[in-house]
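Work through the following exercises with the sequence and the model open. Each task is followed by its solution.

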Amino acid sequence: MDARRRVDPDAIRREIAATEANAEQPWAAGSTMDRTMESLRAQLATVERLERVIGDADSRLRLLNARLD
């Protein structure tokens, strides 16, 4: 959970939107925008996977707890 708290998916989404907007600017041609976008998308995918794993683990623990009660 500690690792998940350090990453803000909304902030990553905002950064992706800002980077996409800047990628259309003339000065961005030949820059590292593509690699930046790739990195941001990978970060977002990781956060989304973490959220799914945490949700699944929480559901399983609740079920186990209910069965033990």
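**Exercise 1.** Is Glu15 buried, partly exposed or exposed?

Solution. The model is a predicted one. Start with the location: Glu15 lies in helix α2, residues 9-23. Next, take its relative accessible area, which is 43%. Buried requires under 20% and exposed requires over 50%. Glu15 is therefore partly exposed, because 43% falls in between. As a further step, relate Glu15 to Arg35: the two are 20 residues apart along the chain, and their C-alpha atoms are separated by 13 Å.

**Exercise 2.** Which residues make up the largest nonpolar core? State which helix gives the most to this core.

Solution. The six residues are Ile12, Ile16, Met37, Leu40, Leu44 and Val47. The most come from α3, with four residues. Now list the buried residues of α3: Met33, Met37, Leu40, Leu44 and Val47.

**Exercise 3.** Compare the reach of α3 with the expected value.

Solution. Helix α3 contains 36 residues. From its first C-alpha to its last it reaches 52 Å. At 1.5 Å a residue, 52 Å is expected, and the computed reach is close to that.

**Exercise 4.** Where in the chain is confidence lowest, and where is it highest?

Solution. The lowest mean, 68, belongs to helix α1, residues 2-5. The highest, 93, belongs to helix α3, residues 33-68.

Methods
Residues numbered from 1 in each chain as written. Predicted model: local features only at pLDDT ≥ 70, side-chain atom pairs only at ≥ 80, totals over all residues. Heavy atoms only, no water. pLDDT = per-residue confidence, 0-100. Helix = DSSP H or I, 4+ residues; strand = E, 2+ residues; numbered from the N terminus. Buried < 20%, exposed > 50% of the residue type's maximum accessible area, 1.4 Å probe, protein only. Core = buried A, V, L, I, M, F, W, Y, C linked by side-chain atoms within 4.5 Å. Expected span 1.5 Å × (residues − 1).
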